[in-house]
Amino acid sequence: MFTGIVSAIGRIESASPNGGSGKGDGGRVLRIRAPYRGLKKGESIAVNGACLTVEKVAKGSFTVHAVQTTLGRTLIGDWQKGSAVNLERAVRAADLMGGHIVQGHVDGVGTVERVAEADDALLLDIRVPAEVAETTILHGAITVDGVSLTVNALPSAGVVQVSLVPFTREHTTLGTLARGNRVHVEADVLGKYVRQLCRSER
């Protein structure tokens, strides 16, 4: 489990299909440069909001393997050497809950439709998949590329607006987003459970 509070921005050092075997049917192996210390094999890390397992650890970097199922619902297949990614290590029971409950299960890909400055904030209008839109409420929570954000407005059907404060713009990759960029989105898990409960009572 995560909280959506990004602790570092990593860089993709290498990305190879199936660990470079050439078979192309075993997912994608990524080596990511990160400032973390004390990483261990088997540890979970959210990479742009996608929960991945550390397979190898080296000085200043770690390696993860994204399987085909993950590639099918994320943008990981598009990442290339040099790509910047938001990172968060799994939360511990004693950690501060600074964001909201984030599972690291990307629900789909959203598209930035509008970027606008509003005083000292940056507003992003993001078109999200229907299953995300139906569990999203005004002033509720949503995760965008691994960042816990508050829903600032719902401008139109299927569009979610978030507001980035200066700290978020400086310490995550979201400050560089532009119209047309695609992002990982994860709906609030509480909304998902409420939706399922309502469906089961019909």
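Okay, let's start with the barrel: six strands close up in the order E1-E2-E5-E4-E3-E6, with antiparallel pairing. From one strand to the next, the twist averages 45°, with axes being lines fitted to C-alpha atoms and angles running from 0 to 180 degrees between N-to-C directions. Strands here are DSSP runs of at least two residues, numbered from the N terminus, and two of them pair if DSSP finds at least two bridges between them.

Before I go on, this is a predicted model, where local features need pLDDT of at least 70, side-chain atom pairs count only at pLDDT 80 or more, and totals for chains, interfaces and linings use all residues. Residues are numbered from 1 along each chain as its sequence is written, and side-chain values use heavy atoms, leaving out hydrogens and water.

E1 (residues 8-17) lies antiparallel to E2 (residues 28-33), and six bridges join them. One to look for: Ala15 has Leu30 in E2 as its bridge partner.

Next, have a look at Met97. You'll find Met97 in the loop between strand E6 (84-89) and strand E7 (108-118).

Last, the cysteines. How many disulfides are there? The count is zero, taking a disulfide as a pair of cysteine sulfur atoms within 2.5 Å. Cys51 is partly exposed at 30% relative accessibility, and Cys198 is partly exposed too, at 44%.

Conventions: Helix = DSSP H or I, 4+ residues; strand = E, 2+ residues; numbered from the N terminus. Buried < 20%, exposed > 50% of the residue type's maximum accessible area, 1.4 Å probe, protein only.
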